[in-house]
Amino acid sequence: MNLAKIALNSYVLKKEPISLIHFVTNRCNARCKHCFIDFDHPDVFKGELSLEEIEKLTKSFGRSMLNVNLTGGEPFLRKDFFEIVKLYFNNANIKSVYITTNGMFTKLTKDFLDKFIASRINGNMIISFSIDNFEQQHDENRRVKGLYQNTLRTYELVKSYNKPNIMANIAITVTDHNYDKVIDLYHYLKNEKGVNSFTAIAMREEGVIKNIDPEIKKRIYETYIKLTSLIQEDMLKRETKGYKDGLQGTLLNAKNMIMYKNIADTYMRPKYISHCPAGALFGVIWANGIVYPCEILNKPLGNLRDYGMNFMELWKNEQTKDVKKFIKDTDCNCTFECAWAINIISNKKYIPPLIANSIRQKI
């Protein structure tokens, strides 16, 4: 019955979130050149939600939440990070947590996973590590000496657990400073380092990154197409795994095939393809409790603290209604991967290609 309610909400009612991004902290040990967080802003580290506030928050999402993406900053810098994850699983009844990390903190990651296993939480854990270049350039870009080696070490640690509900992934962001090395990097990580799960991201023009040179943007676009094609081809040839086997993994891989094409089709010449569910099925919670429809649209929906940490009360307010109307009236569109993911899995027009792409993985 709960699955029926989730389907009704996802495809018809679109009133409750099915997935959220939560920036649990803005604290970070790195200063990546392509990061959209402005660490020089005087308020960037103020007002981080406490564990007690997050506990109230996780009890207020409704009955349709499937997944939360926990990120930062660097999420493993929160000493109570496992407790946050546990609250989401226990209170929001989600099925999976997706964690984005720079991979520096191997021991913290091990401690976290050991607690996760000991807790017997019934859910999936996906930990995605960012590697964008070879060692020297990667460390220089992120301004952390030794980060590249630590990231690979932490990736191998997560992979070594060999549990069906724990997955390690490498995310490669194609940027203005690595587009000429990304393909070689992919082959090296796959063939020399044994990485068997990849995702790709195209650098966006937002935050501290604005007005990419048109020629450079074209190179990013061309490299993104090559990289995503390789990721898909190698997965279908079973040279890599993509997301793990099982229905959820198969659907996530199928979704990515559609997403990569749609992002490529709109990267150079933005255009509307299908309705974005931001503000309806998807949203972003910043570290200070302010909720936005997505990472790109600068239209705050409100601060959770003004609603006693009750997410659904905020989600039903007039600002949210106005933003949802704006998204619909303007055919709002972008290349933000997380928003596209929910767009695809909640839109009936994508059911046939999702089925077709799922079948391709089994042939």
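Residues are numbered from 1 along each chain as its sequence is written, and side-chain values use heavy atoms, with hydrogens and water left out. Because the model is predicted, local features need pLDDT of at least 70 and side-chain atom pairs count only at pLDDT 80 or more, while totals for chains, interfaces and linings use all residues.

Strands, like helices, are DSSP runs numbered from the N terminus: a strand (E) has at least two residues, a helix (H or I) at least four. Two strands pair if DSSP finds at least two bridges between them. Strands of a sheet pair through backbone hydrogen bonds, either parallel or antiparallel.

Now look at strand 1, residues 19–23. How many of its residues are buried? Five of its five residues are. Buried means under 20% relative accessible area, exposed means over 50%, and partly exposed lies in between (1.4 Å probe, protein chains only). In a regular strand the side chains alternate between the two faces of the sheet. Here Ser19, Ile21 and Phe23 point one way from strand 1. Leu20 and His22 point the other way.

Strand 1 has strand 2 (residues 67–71) as a parallel partner, over five bridges. Leu20 stands opposite Val68 there. Strand 1 also pairs with strand 7 (residues 282–285), again in the parallel sense, over four bridges. In that pairing, Leu20 faces Gly283.

Move on to strand 8, residues 290–292. Strand 7 and strand 8 pair in the antiparallel sense over two bridges. Val284 stands opposite Tyr292 in strand 8. Contact means heavy atoms within 4.5 Å.

Strand 3 and strand 4 pair in the parallel sense over six bridges. Ser96 has Asn124 in strand 4 as its bridge partner. Strand 4 is mostly covered, with six of its seven residues buried.

Next come two helix pairs. The axes of helix 7 (residues 182–191) and helix 8 (residues 214–236) come within 9 Å and cross at roughly 20 degrees. That makes helix 7 roughly parallel to helix 8. Axes are lines fitted to C-alpha atoms, for helices over the stretch in contact, and angles run from 0 to 180 degrees between N-to-C directions. Angles under 35 degrees count as roughly parallel, over 145 as roughly antiparallel, 65 to 115 as roughly perpendicular and the rest as oblique.

Which residues meet between helix 7 and helix 8? Val182, Ile183, Tyr186, His187 and Lys190 in helix 7 meet Thr223, Lys226, Leu227, Leu230, Ile231 and Asp234 in helix 8. The contact holds six nonpolar, two polar and three charged residues. Ala, Val, Leu, Ile, Met, Phe, Trp, Tyr, Cys and Pro count as nonpolar, Asp, Glu, Lys and Arg as charged, and the others, Gly among them, as polar.

The second pair is helix 4 (residues 106–119) and helix 6 (residues 147–160), whose axes come within 9 Å and cross at roughly 15 degrees. Helix 4 is therefore roughly parallel to helix 6. Thr106, Thr109, Lys110 and Leu113 in helix 4 meet Asn150, Arg153, Thr154, Leu157 and Val158 in helix 6. This contact has three nonpolar, four polar and two charged residues.

His138 sits in helix 5 (residues 135–142). Its relative accessibility is 1%, so His138 counts as buried. Among the residues that His138 touches are Ser130, Leu147 and Tyr148.

Lys217 is found in helix 8. Is Lys217 buried or exposed? It counts as buried, because its relative accessibility is 15%. Leaving out residues up to four places away in sequence, Lys217 touches Glu205, Ile212, Tyr267 and Met268.

Tyr307 lies in the loop between strand 9 and helix 10 (311–315). With a relative accessible area of 24%, Tyr307 is partly exposed. Its contacts include Glu313 and Leu314.
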